[in-house]
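The plan is to look things up one by one and write down what turns up.

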Amino acid sequence: MYSFFGTWPWYISGFSIGVVMLLLVYFGKTFGMSSNLRTMCTMLGAGKTADFFKFDWRAQRWNLAVVVGAMLGGFIATHYMSDGSGVQLNPKTIAELQQLHIDEPNGKLLPDTLAGTDAFTNPKIITILLLGGVLVGFGTRYGGGCTSGHAITGLSNLQLPSLIAVIGFFIGGLLMSWFLLPLIFG
C-alpha cells in the first residue's frame with residue numbers, strides 16, 4: 001500500500017524526474033552532480049593552478065542550487081516525511097549479505113560493516129572506501145560525467161556516449177556485486 005511518508009513508488013519518482021528533465025531541457029540546462037565539484041574548486045581558486053578549472057563558474061550557479069536542494073530534500077524527507085521504516089531490503093538480499101559477513105542495514109542507508117564507527121578502524125574497509133572513492137572520482141572525470149548526468153540527462157537527450165557509459169555502469173555494478181564483493185568479504 002502506498003504511503004506518502006514511506007518509499008515512493010517508481011512511477012511517482014520517475015515521473016518527477018521526467019518533469020525536472022523537461023524543465024531543464026526547456027531552459028537549456030543539463031543536469032549532473034559531479035560537475036559541481038569542478039565548479040566549487042574553481043570558486044575556491046583552483047584555476048590559479050590548473051587550466052581545467054579556468055571557466056566561468058557563475059554560469060553554473062544554478063547547478064549548485066540543485067546540490068543544495070538535493071541535500072535539503074534528503075534532510076526533509078528523512079526527518080519530516082518518513083514513516084520511520086528506513087530502507088527495506090528483500091529478505092533474500094539480507095541472506096546474501098550475511099553470507100558475506102555484512103550485517104543487515106536495519107533501515108539505515110549502509111550497514112555498520114561499511115559505515116559504522118568500527119569500520120573506520122579496519123584497514124581493509126578504509127582501503128576499500130578510499131580505493132572506491134578514487135575510482136569513482138577518476139571514472140567520473142574520465143567518463144565525462146556521473147551516473148546522474150549520463151543516465152538521466154544523457155539518455156533523455158539520446159546521446160550515444162551516455163548509453164555506453166550507462167551500460168558500463170551496469171556491467172561494473174554486476175562485476176562488483178557478483179565477483180569482487182564475494183572475494184573481498186567472503
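**Entry 1: the overall layout**

From the N terminus on, I wrote the order down as α-α-α-α-α-α-α-α. I noted that this is a predicted model. Next I looked up the span of the C-alpha trace: about 50 × 45 × 35 Å along its principal axes. How much of the chain is buried? Of the 186 residues, 19% are buried. Then I turned to contacts between residues at least 6 apart in sequence. Of these, 47% join residues at least 24 apart.

**Entry 2: helix α2**

I went to helix α2, residues 35-43, and asked which residues there are buried. They are Asn36, Thr39 and Thr42. I recalled that an α-helix has 3.6 residues a turn, so residues three or four places apart point the same way. Looking down the axis of α2, I found the buried residues within an arc of 120°, so they line one face of the helix. What do they pack against? The partner is α3, residues 61-80.

Leaving out residues up to four places away in sequence, I listed what Thr39 touches: Phe55, Trp57, Gln60 and Leu64. I also checked one distance from Thr39, to Pro111. The two are 72 residues apart along the chain, and their C-alpha atoms are separated by 32 Å.

Just after α2 I stopped at Gly45, which has a positive phi of about 100°.

**Entry 3: aromatic rings**

I searched the whole structure for aromatic pairs and got 4. One of them is Trp10 with Tyr11, with ring centres 5.6 Å apart and planes at 85°. That pair is edge-to-face. Are these two residues buried or exposed? Trp10 is exposed, at 71% relative accessibility. Tyr11 is partly exposed, at 48%.

Then I looked at Phe52 and Phe53. Their centres are 5.2 Å apart and their planes meet at 75°, so I logged this pair as edge-to-face too. Phe52 is partly exposed, with a relative accessible area of 33%. Phe53 is buried, at 19%.

Which rings does Arg38 lie over? I found Arg38 over the face of Phe52, at 4.3 Å from the ring centre. Arg38 also lies over the face of Phe55, at 4.2 Å from the ring centre.

**Entry 4: the largest nonpolar core**

I wanted the residues of the largest nonpolar core. There are 6 in all: Leu97, Leu100, Ile102, Ala119, Ile125 and Phe185. In soluble globular proteins, nonpolar side chains tend to be buried together.

I followed Leu97 first. It lies in helix α4, residues 91-99. At 18% relative accessibility, Leu97 is buried. Beyond four places in sequence, Leu97 touches Leu89, Ile102 and Pro105. I then took the distance to Pro182, 85 residues away in sequence. C-alpha to C-alpha, Leu97 and Pro182 are 9.5 Å apart.

Ile125 came next. Setting aside neighbours within four places in sequence, I found Ile125 in contact with Thr113, Leu114, Ala119 and Phe185.

**Entry 5: Thr140 in α6**

I looked up Thr140, which is in helix α6, residues 123-142. Thr140 is buried, with a relative accessible area of 16%. Where does its side chain reach? It reaches the backbone oxygen of Val136, at 2.7 Å. Not counting residues up to four places away in sequence, Thr140 touches Ser34, Gly145 and Cys146.

**Entry 6: helix α7**

Last, I checked helix α7, residues 147-156. Its buried residues are Ser148, Gly149, His150, Thr153 and Gly154. What covers them? I found that the cover includes α1, residues 10-26, and α8, residues 160-185. After α7 I noted Leu158, with a positive phi near 55°.

How values were computed. Residues are numbered from 1 along each chain as its sequence is written. This is a predicted model: local features need pLDDT of at least 70, side-chain atom pairs count only at pLDDT 80 or more; totals for chains, interfaces and linings use all residues. Side-chain values use heavy atoms; hydrogens and water are left out. Rings of Phe, Tyr and Trp (its six-membered ring) pair if their centres lie within 6.5 Å; planes under 30 degrees apart count as stacked, over 60 as edge-to-face and the rest as tilted. Buried means under 20% relative accessible area, exposed over 50%, partly exposed in between (1.4 Å probe, protein chains only). A charge sits over a ring if NZ of Lys or CZ of Arg is within 6 Å of the ring centre and within 35 degrees of the ring normal. A nonpolar core is a set of buried Ala, Val, Leu, Ile, Met, Phe, Trp, Tyr and Cys residues joined through side-chain atoms within 4.5 Å. Contact means heavy atoms within 4.5 Å. Helices (H or I, at least four residues) and strands (E, at least two) are DSSP runs, numbered from the N terminus. The arc is that of the directions from the helix axis to the C-beta atoms. A polar contact is a pair of N or O atoms within 3.5 Å; within protein, one must be able to donate a hydrogen and the other to accept it, and residues adjacent in sequence count only if both atoms are side-chain atoms.
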